[in-house]
Amino acid sequence: MASKSSKKKPNSKRSSSKPASSPMASPKHFHLKRFFILISILLPVCVIVVLGVSSNTSYKISSDHYSVKIYGFELVNEFPHDPRAFTQGLVYAGNESLYESTGLYKQSTVRRVAIQTGKVEVLHKMPDSFFGEGLTLLGERLFQVTWLTKIGFIYDTKNLQKLDRFTHQMEDGWGLATDGKILYGSDGTSTLYQIDPQTLKATRKQVIQFNGREVRYLNELEYINGEIWANVWQTDCIARISPKDGRMLGWILLPTLRQGLIAAGYNGIDVLNGIAWDSNKNRIFVTGKLWPKLYEIKLHPVRRQIDNKDIEQLCVP
């Protein structure tokens with residue numbers, strides 16, 4: 001995108017600010033660890049209503065006809081992440097590595113990254129005119145969409161060489177995920193698409209709502225245990241959605257991750273974006289655009305009452 005710094009509009013989604021190029025320094029790492037230790041100590045006595053949620057607490061709220069659970073998290077591990085990577089898609093690749101799609105014009109890539117070190121093992125540089133977006137792995141093929149176009153690409157998983165180019169029927173290309181049979185896509189609206197991976201035609205569309213409001217700006221997607229998880233652009237929230245009927249199942253609130261990075265001096269970071277799932281070891285990985293860290297987290301649902309309006313302020317732009 002040509003310009004974006006705070007609030008997104010349908011045609012002004014992405015930041016074009018130059019990424020920070022300096023690697024994370026050890027003092028910042030120390031302060032970041034200290035921040036999370038402090039958070040864990042204060043959690044039992046803190047109640048964060050609007051702009052924060054404890055890292056091991058979640059809430060249950062009632063919607064019109066069903067219950068929606070609100071999840072906090074436990075920080076399991078943290079790993080280095082390229083602070084210049086404008087993360088748009090994230091997929092677990094096996095063998096302790098991830099596939100990642102990065103954005104920004106003239107800087108977009110598809111890459112395979114080692115989790116433990118953050119090292120880029122294989123990299124495919126996209127043409128300068130394309131802005132990389134969502135990415136998913138189906139069989140031996142990686143599917144990727146691009147921003148402000150209806151064009152996508154298919155890559156070989158071994159060397160990331162482009163195998164094919166396709167067009168899709170979404171209004172734009174933001175997120176992709178798969179259950180191993182069909183593709184799920186997002187275009188920055190409240191619509192979740194189901195897409196035939198052979199024809200690339202949309203076979204179903206669902207409008208996602210919470211408390212009577214459309215959940216706009218569905219962004220990066222991941223399929224996890226029968227659910228679609230979606231980053232919501234410009235928030236610290238992940239929506240948990242039923243792909244069967246589009247029903248909201250829950251919210252995952254992660255504001256302390258971004259807040260911890262800022263407290264450690266990483267002021268050039270952008271929004272939370274990127275979810276990867278290791279189904280063999282039941283591991284969840286999350287990161288953000290220009291974030292120097294990749295996090296492994298574990299969710300902790302706790303039944304406490306919280307008002308729908310507070311969740312709307314946090315998660316529904």
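## Ser-101 in strand β4

In this predicted model, Ser-101 counts as buried because its relative accessibility is 0%, and its place is in strand β4, which spans residues 97-102. The side chain of Ser-101 reaches the backbone oxygen of Glu-133 at 2.5 Å.

Leaving aside residues up to four places away in sequence, Ser-101 touches Phe-86, Thr-87, Gln-88 and Gly-89, together with Thr-109, Gly-132, Glu-133, Leu-135 and Gln-144.

## Glu-100, a buried acidic residue

Glu-100 also lies in strand β4, where this residue is buried yet has no salt bridge. The nearest side chain of opposite charge, that of Arg-111, is 4.8 Å away, whereas the side chain of His-81 makes a polar contact with the side chain of Glu-100 at 2.8 Å.

Apart from residues up to four places away in sequence, the residues that Glu-100 touches include His-81, Ala-85, Leu-90, Val-110, Arg-111 and Val-113.

## Nonpolar cores

The largest nonpolar core has 24 residues, and those with the most contacts inside it are Phe-210, Ile-241, Trp-251, Leu-253, Ile-311 and Cys-315. At least two residues of this core come from each of the strands β2 (67-80), β17 (218-224), β18 (227-232), β19 (237-241) and β20 (248-253), and from the helix α3 (308-315). A second, separate core comprises 21 residues, among them Ile-224, Leu-254, Ile-275 and Trp-291.

Conventions. Residues are numbered from 1 along each chain as its sequence is written. This is a predicted model: local features need pLDDT of at least 70, side-chain atom pairs count only at pLDDT 80 or more; totals for chains, interfaces and linings use all residues. Side-chain values use heavy atoms; hydrogens and water are left out. A nonpolar core is a set of buried Ala, Val, Leu, Ile, Met, Phe, Trp, Tyr and Cys residues joined through side-chain atoms within 4.5 Å. Buried means under 20% relative accessible area, exposed over 50%, partly exposed in between (1.4 Å probe, protein chains only). Helices (H or I, at least four residues) and strands (E, at least two) are DSSP runs, numbered from the N terminus. A polar contact is a pair of N or O atoms within 3.5 Å; within protein, one must be able to donate a hydrogen and the other to accept it, and residues adjacent in sequence count only if both atoms are side-chain atoms. Contact means heavy atoms within 4.5 Å. Lys and Arg count as positive and Asp and Glu as negative; His and the chain ends are not counted. A salt bridge is a side-chain nitrogen of Lys or Arg within 4 Å of a carboxyl oxygen of Asp or Glu.
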